[in-house]
Amino acid sequence: MERIMSDEMSAGKSSAAKTLTLEEIKSFIPARDPESNKGSYGKLFVIAGSSGMSGAAFFAALSAYRAGTGLVKLFTHNDNRVILQTQLPEAILLDYSEKEEALQKLQMSIHWAHDILIGPGIGTDTLSCAILKQTLQLLLSEDKEQERIILLDADALNILSLNDELMNMVDLLAATTQKQIIITPHPMEMMRLQHQNITVSEILADPVDAARNFSEKHHLVTVMKCSHSAVSNESGRNIYQNTSSCPALAKGGSGDVLAGCIMGLVQILRNAKPIRETPDFLAFLAASAGVAVHVAAGHRAAEKYGTHGVLARDVADEIGRVLDLYHEN
């Protein structure tokens, strides 16, 4: 692992990609500190779920908790309040019903969190675009030295593919601040992000290349989701690719679980000594670990419910058990 860490610190000295292995990922997963409290494992702000899309918000927040996050605050449409407070009372819930209210509440609360996940089920309408824009503006207005990780998923990516202004804001955030950006597109979303200059077939034929090229261009971590998902760091020099396909994950909500899992892992990995020494490695490691854990959780869920019968919540509920196995190795 020291080899990969040193490559990250000496970017530009070599163009050869280095591959992170599953065993190396496992070596980073820590046990839960017996002296810890909820404040030891971060505060995650999840912006998810337009009206009628409570499931996306639920899966993202649930999996973040299952992966170890200390506190999750959900920002979602008012129509989702009752069902989310019933399904996941552990989450702090902040709701909105119209644009002015949404933007005011974002202004007041976004700085509460260490890290931000935005996109699952938010839609692509005018209100959703305004929420994404306000979030990016607030992050750009912060102290440039403040470290955060922001994961853009699902509808946030669809909005970016249609709005050059917002994509430019993401590029500026990645290039001029200490914020690290993770994106988690499936092949169709990646095609849209590249304005159809690449086909789905080309992406599936070489997901590593698709991830690396987008990361190099936009200086962010790319998780290229497919049966053998690939992760590239910001420079394209570090790569992780899952080699174990899991067809049980081919269900609605699976991507929301992955996004939440990645951000939950950010919280538990952040204080590991090697990460403190090389913070630029955190987003790539958490994204890679998230892919590995997600697949392993899918396999465990399939053993219980059958490959055809796995639901997104079943996968989320296996995340903690997978992590226990990892840190025991």
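This is a short tour of one structure, stop by stop.

The model is predicted, so local features need pLDDT of at least 70 and side-chain atom pairs count only at pLDDT 80 or more, while totals for chains, interfaces and linings use all residues. Residues are numbered from 1 along each chain as its sequence is written, and side-chain values use heavy atoms, with hydrogens and water left out.

**Stop 1: helix 3.** Select residues 54–66. Helices here are DSSP runs of H or I with at least four residues, and strands are E runs of at least two, numbered from the N terminus. Buried means under 20% relative accessible area (1.4 Å probe, protein chains only). Among the buried ones are F58, F59 and Y65. Just past the helix, click on G68, which has a positive phi of about 125°.

**Stop 2: strands 3 and 4.** Now show residues 71–77, strand 3, which pairs with strand 4 in the parallel sense over 5 bridges (pairing takes at least two DSSP bridges). Look for F75, opposite L94 in strand 4.

**Stop 3: L269.** Next, pick L269 and display its contacts (heavy atoms within 4.5 Å). Beyond its neighbours within four places in sequence, L269 touches F28, I29, P30, I275, L282, L285 and A286.

Key. The expected span of a helix is 1.5 Å times one less than its number of residues. Buried means under 20% relative accessible area, exposed over 50%, partly exposed in between (1.4 Å probe, protein chains only).
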